[in-house]
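The structure is shown first, and the description follows.

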Amino acid sequence: MRNPFAKEQIHDIVREGLAQVLGTPVNAITDDATLVADLGAESLDLVEFRYEMESRLGVALPKSNVLDELATALGGSERLYDERGGITELAAEVLRRSAFGYTEEQVHAGMRPYEVAAAATSAHWASFTHAIFDRLPESCSECGAGETEIAASGRAVCAGCGAAVEAATGDEILAEGVRVALKEIENAQPAG
């Protein structure tokens, strides 16, 4: 099934959700405004934002994070952090290849995990949320139709029967993204 949302639609929904949770005007939530440093979000705000997005869109955002998923995939965190507790180039590269869409300027080796979390913007969350809808099932489990639409509720539904569309969870998207990134990095390494 095709993602019924345009990237900008999801970004508008994310901005509106953040504005509601933070009590900030929507126009103050620019693509490059970090949620923590620029918009003043605290951990409970982010929990409330996650709940708001899940309720509004009918999807499960991740409970985990890229670094935790990477540690699980590698069987430990030894390759994730340097001797000072900063992330390694491997961890930074996996973050940049994740559905969050970090750039080299935003995430780099040597950053502390809390700095990585503080670098998140509305654009990162919109990118990730859009990626969830990019991984819809091939067809509706109720009627077999292969098209989706956005219902009056704002949620993705089957265009054939109106059933709610079951998207992958945020944690599934994180885990898949980490596996794919590690494989790409491994394949990019010169044989030797």
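## Helix α6 against helix α7

In this predicted model, helix α6 (residues 122-133) and α7 have axes that come within 10 Å and cross at roughly 95 degrees.

On the α6 side the contact is made by F128, A131 and I132, and on the α7 side by G170, I173 and L174. Sorted by class, the contact of α6 with α7 has 5 nonpolar residues and 1 polar residue, with no charged residues.

## Helix α3 against helix α7

The packing of α3 and α7 has an angle of about 60 degrees, and their axes are 9 Å apart. The two helices are therefore oblique to each other, and the crossing of α3 and α7 is right-handed.

From α3, the residues V66, E69, L70, A73 and L74 meet D171, L174, A175, V178 and L182 in α7. The residues of this contact of α3 with α7 divide into 8 nonpolar and 2 charged, with no polar ones.

## Helix α4 against helix α7

Helix α4 (residues 89-97) packs with helix α7 (residues 170-188) at an angle of about 120 degrees, the axes being 9 Å apart. That angle makes α4 oblique to α7, and α4 passes α7 in a right-handed crossing.

In α4 the contact is made by L90, E93, V94 and R97, while α7 contributes V178, A181, L182, E184 and I185. By class, the contact of α4 with α7 has 6 nonpolar and 3 charged residues, and no polar ones.

## The largest pocket

The largest pocket of the model has a volume of about 610 Å³. It is lined by 24 residues, of which L46, S64, N65, A117 and W125 are the closest to its centre. By class, the lining of the largest pocket divides into 18 nonpolar, 3 polar and 3 charged residues.

Which helices each supply at least two residues of the lining of the largest pocket? They are α2 (43-57), α3 (66-74) and α5 (113-118), and α2 gives the most to that lining, with 5 residues. Helix α3 therefore has a part in the lining of the largest pocket as well as being oblique to α7.

Technical notes: Residues are numbered from 1 along each chain as its sequence is written. This is a predicted model: local features need pLDDT of at least 70, side-chain atom pairs count only at pLDDT 80 or more; totals for chains, interfaces and linings use all residues. Side-chain values use heavy atoms; hydrogens and water are left out. Axes are lines fitted to C-alpha atoms, for helices over the stretch in contact, and angles run from 0 to 180 degrees between N-to-C directions. Helices (H or I, at least four residues) and strands (E, at least two) are DSSP runs, numbered from the N terminus. Angles under 35 degrees count as roughly parallel, over 145 as roughly antiparallel, 65 to 115 as roughly perpendicular and the rest as oblique. A crossing is left-handed if the near helix is turned anticlockwise from the far one by less than a right angle, and right-handed if clockwise. Contact means heavy atoms within 4.5 Å. Ala, Val, Leu, Ile, Met, Phe, Trp, Tyr, Cys and Pro count as nonpolar, Asp, Glu, Lys and Arg as charged, and the others, Gly among them, as polar. On a 1 Å grid over the protein atoms alone, a cavity is a set of points where a 1.4 Å probe fits but cannot get out, and a pocket is an open set with protein on both sides within 12 Å along at least five of seven lines; lining residues have an atom within 4 Å of a point. Grid points are joined across faces, edges and corners, and a volume is the space filled by probe spheres set on the points.
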